[in-house]
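Reader: Please take a close look at the links between side chains in this model. Which residues do they join, and how open to solvent are the partners?

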Amino acid sequence: GTWNVGHFNSAPRNIEKLLFFIDMGNSGNITIEDLTLAGADGKNVKDDILQLCTARGENGSNGFHLRMKAKNIIINSGTINLGNGGAGGSSETISDCEKSSASGGTGGEPGNIKITATDNISITQLHIIPGTGGAGGNALAVAHTGVTSCPSEDGGDAHAVGGNGGANKKDLIAQGNIKGVQYIQVDRVIGGKGGNAVARPGDGGNSAGCNCGGGNGGNGKAVAGNGGDATVTIPISTSEGRGGDGGSTDAIGGKGGNGFNCT
């Protein structure tokens, strides 16, 4: 039949790790026949939006993990869906900041699987759906505009860093006398997308007197999140890994303030 482990879409917030462990010790046996096993994605995490001049998104959590242990394991036909990694939290600063800093959370890793048998593992047909690494959180840093005065005020600086995408690394760990590894089908292994980063520094304030120049524009720096690595190492398999796309960046320095018109 079909077994769903954990919440339908994503693990509840109070569950840090979702692990399904079928443990028959060193003397029991496991036989799988016509089984579809689906696990939850990594849990949803909090964004950090419009709270302070420093914003930090939470890191995404990992997806469903499967562990099997027995004396003998026979898999005649089965499909295992390991679930996706949770997305990293997004971040956005308030706008009235002399220095603003925003960082997106790292995406979580999708689930993984480990099978060990003290004697034999025999596989006739096994389909593994590895899930996708969680996306890194986006980051938006906004700084204040300098006040028109004499001396005029400089614009605020803004620094934004997108979260890295979740890695997706699949190494088949199957200890014991193994038969039928060539009958394992693994779908494409995909890393998570990196988060976007946008920095909006403030413009300098305008001058309010003949002897005062306009304020300096603020500095802007934006660093996109890296795409998550993707690797797959399974003997006698044609599975492929695809690293996640990197995020995009946008940062423009603040404009200098206008000077005063004097006769």
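**Salt bridges and disulfides**

Author: Arginine 242 and aspartate 245 form a salt bridge (a side-chain nitrogen of Lys or Arg within 4 Å of a carboxyl oxygen of Asp or Glu), with 3.5 Å between the closest N and O atoms. The model is predicted: local features need pLDDT of at least 70, side-chain atom pairs count only at pLDDT 80 or more, and totals for chains, interfaces and linings use all residues. Residues are numbered from 1 along each chain as its sequence is written, and side-chain values use heavy atoms, leaving out hydrogens and water.

Another of them pairs the side chains of lysine 71 and aspartate 119, at 3.9 Å from N to O. Lysine 71 belongs to strand β6 (residues 65-81) and aspartate 119 to strand β9 (residues 113-123), so this bridge ties together parts that are 48 residues apart in sequence. (Strands are DSSP runs of E, at least two residues, numbered from the N terminus.) Lysine 71 is partly exposed at 30% relative accessibility, and aspartate 119 is partly exposed at 32%.

Lysine 99 and aspartate 157 form a further salt bridge, their closest N and O atoms being 3.1 Å apart. This pair also links distant parts of the chain, with lysine 99 in strand β8 and aspartate 157 in strand β12, 58 residues apart. Lysine 99 is exposed, with 57% relative accessible area, whereas aspartate 157 is partly exposed at 22%.

The covalent links come next. The structure holds 3 disulfides (cysteine sulfur pairs within 2.5 Å).

Cysteine 53 is joined to cysteine 97, with an S to S distance of 2.3 Å. The link is left-handed, at -95° about the S-S bond. Cysteine 53 is partly exposed at 25% relative accessibility, but cysteine 97 is buried at 0%.

In a second disulfide, cysteine 150 bonds to cysteine 212 at 1.8 Å from S to S, and 65° about the S-S bond makes this link right-handed. Cysteine 150 is in the loop between β11 and β12 and cysteine 212 in the loop between β17 (197-200) and β18 (220-223), so parts 62 residues apart in sequence are tied together. Cysteine 150 is partly exposed at 42%; cysteine 212 is buried, with 15% relative accessible area.

The remaining disulfide connects cysteine 210 and cysteine 262, S to S 2.2 Å. Its angle of -135° about the S-S bond makes it left-handed. Cysteine 210 lies in the loop between β17 and β18, while cysteine 262 is in the segment after β21 (249-251), so the bond ties together parts that are 52 residues apart in sequence. Cysteine 262 is partly exposed, with a relative accessible area of 39%.

With the bonded cysteines of the chain numbered in sequence order, the pairing reads 1-2, 3-5, 4-6.

Technical notes. Buried < 20%, exposed > 50% of the residue type's maximum accessible area, 1.4 Å probe, protein only. Helix = DSSP H or I, 4+ residues; strand = E, 2+ residues; numbered from the N terminus.
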